[in-house]
Amino acid sequence: MQNRYTSFGARLAQYLLLPVLLIGSASKAELPTLGDPTLGSISAREESQLGLAYYRYLKASLPIVDDVQLNYYLESLAQKLVTQSDEAGRNFTFFIVQSPVINAFALPAGYIGVHSGLFLDADNESQLASVLAHEISHVTQRHLARMIDESGNSMMINIATLLAAILVGSQDSEMGQAVLMGGLAGAQQSQINFTRTNEYEADRIGIGLLIEAGINPDGMVEFFEHLLDKSSGLQIEYIRTHPLDINRVTEAKNRIKDEHSTLPKNSEDFLFAKARLAVLVNNNNSLRKLIEANEHHEGVIADYLRGIALTKIDRPAESIAILEKLSSQHKHPWIKLALADAYSANNNMDKALKQLEQLNSLYPGYLPVTLAYTKALNADKQPEKSIELLLRQLQTDQYAVIYQTLAQAYHLNGQMSAALEATGNQYALQGYNELALQQYENALNHKDLSKTSRARLETKKEELLEIVKQSNQ
Ligand SMILES: [Zn+2]
């Protein structure tokens with residue numbers, strides 16, 4: 001891979017020099033920008049590499065909430081909006097950053113992050129969805145790419161550093177890390193501040209997405225007003241990165257006509273997700289307080305919250321008592337999922353498996369259930385059933401975590417080349433193309449490979465080689 005530093009690398013070198021020129025330079029106007037004809041404007045491929053690098057950096061440096069149920073909820077809500085947009089076919093990645101700071105942000109190439117602080121601050125699904133719709137619109141309106149094209153500001157330092165990290169990082173991870181640390185100290189602060197024009201446009205398009213998706217758009221105005229109330233005397237990160245003033249609120253209010261007021265503002269899923277997130281981001285001490293605070297609260301959500309919190313602080317027997325009662329009174333898949341968790345924390349795998357088996361027949365193809373069930377089956381050394389379910393799930397969903405679980409199952413079942421192929425697919429989905437190629441190569445070296453498997457792997461390898469070749473050009 002000697003040619004990695006040519007072409008794209010050469011352009012990168014030019015970018016890298018810019019920040020050095022910027023520092024201490026008298027006039028910004030003299031400096032070339034990414035929109036400069038000699039550099040050309042940022043291509044779709046560069047944008048996607050940049051987005052992926054930024055996303056990986058955030059994943060490595062910030063705590064990201066790694067929970068199948070929450071990610072699935074966020075993804076489903078966001079996809080309702082994405083499918084209404086002009087770029088319904090585009091790949092978006094949504095994730096929750098564990099941080100009390102109230103913020104949400106869009107990175108190049110459709111990576112959208114929501115801080116747990118913002119999620120927990122939202123009172124209803126409409127408020128959360130309005131933030132997502134706004135961020136999605138920043139992406140579909142190419143606000144970031146346009147800004148990169150047009151700007152000669154300090155954002156370039158970060159972009160250049162990231163581009164460097166993609167190249168350096170793939171050859172020498174320690175050096176990549178050092179480059180990142182040097183150039184991106186406090187990357188969470190380096191998020192792009194959008195212009196007011198961008199903000200109005202993202203609100204306008206976002207309101208359209210909400211209505212088309214059948215979600216009440218009033219949450220947008222509610223959340224703005226809430227943030228403005230809260231911000232008196234306080235610095236709210238979201239307001240810094242997405243300039244918000246009373247005019248923007250009025251504008252949004254005027255756009256939302258009363259006739260949409262019959263659309264639903266909330267969902268039960270939102271309430272379950274919010275409770276789950278509150279438990280996941282709290283440490284055990286605050287969880288004890290949270291449990292006490294919810295002791296006398298009645299209702300499904302308060303019980304659910306107490307149930308999962310008790311399991312988390314290692315008191316599964318109490319959790320089981322609450323959740324068994326709750327699941328007999330109320331039907332929501334997350335209650336039984338929580339109960340299965342509590343059983344397994346209480347070392348009662350049989351009951352956990354039985355619970356998950358029931359759930360699986362009630363909600364076939366529901367990803368959080370499939371994953372919980374197949375992971376339990378793997379742990380119980382029942383890989384065959386697990387493989388069957390995961391292969392079926394892959395017909396509708398393509399997520400790295402499915403391939404990861406499938407690889408485990410194949411491994412347990414002694415199907416080594418299939419395990420390697422599944423891991424290869426996992427890496428390919430995560431954008432680690434060279435690691436994926438390695439796995440395919442290892443799988444191809446297995447003598448037990450059937451003719452059809454060999455042919456399939458050869459095709460995959462060729463396709464991936466082509467992608468790697470193109471991205472190095
Ligand atoms: Zn914005």
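Here is a short walk through a few helices of this predicted model. Residues are numbered from 1 along each chain as its sequence is written. Because the model is predicted, local features need pLDDT of at least 70 and side-chain atom pairs count only at pLDDT 80 or more, while totals for chains, interfaces and linings use all residues.

Let's start with H15, residues 300-312; helices here are DSSP runs (H or I, at least four residues), numbered from the N terminus. H15 reaches 18 Å from its first C-alpha to its last, close to the 18 Å expected, where the expected span is 1.5 Å times one less than the number of residues. Of its 13 residues, 10 are buried, meaning 20 or more other C-beta atoms lie within 10 Å of a residue's own, with 12 or fewer counting as exposed, anything in between as partly exposed, and C-beta atoms placed from the backbone. Among them are Tyr-304, Leu-305 and Ile-308, but also Asp-303, Arg-306 and Lys-312. The cover includes H13, H14, H16 and H17. Just after H15, Asp-314 takes a positive phi of about 70 degrees.

Further along, Ala-379 sits in helix H19 and counts as partly exposed because it has 15 C-beta neighbours inside 10 Å. Its C-alpha is 9.3 Å from that of Ala-409, 30 residues away along the chain.

Note on methods:
Helices (H or I, at least four residues) and strands (E, at least two) are DSSP runs, numbered from the N terminus. Two residues are in contact if their C-beta atoms, placed from the backbone, lie within 7 Å.
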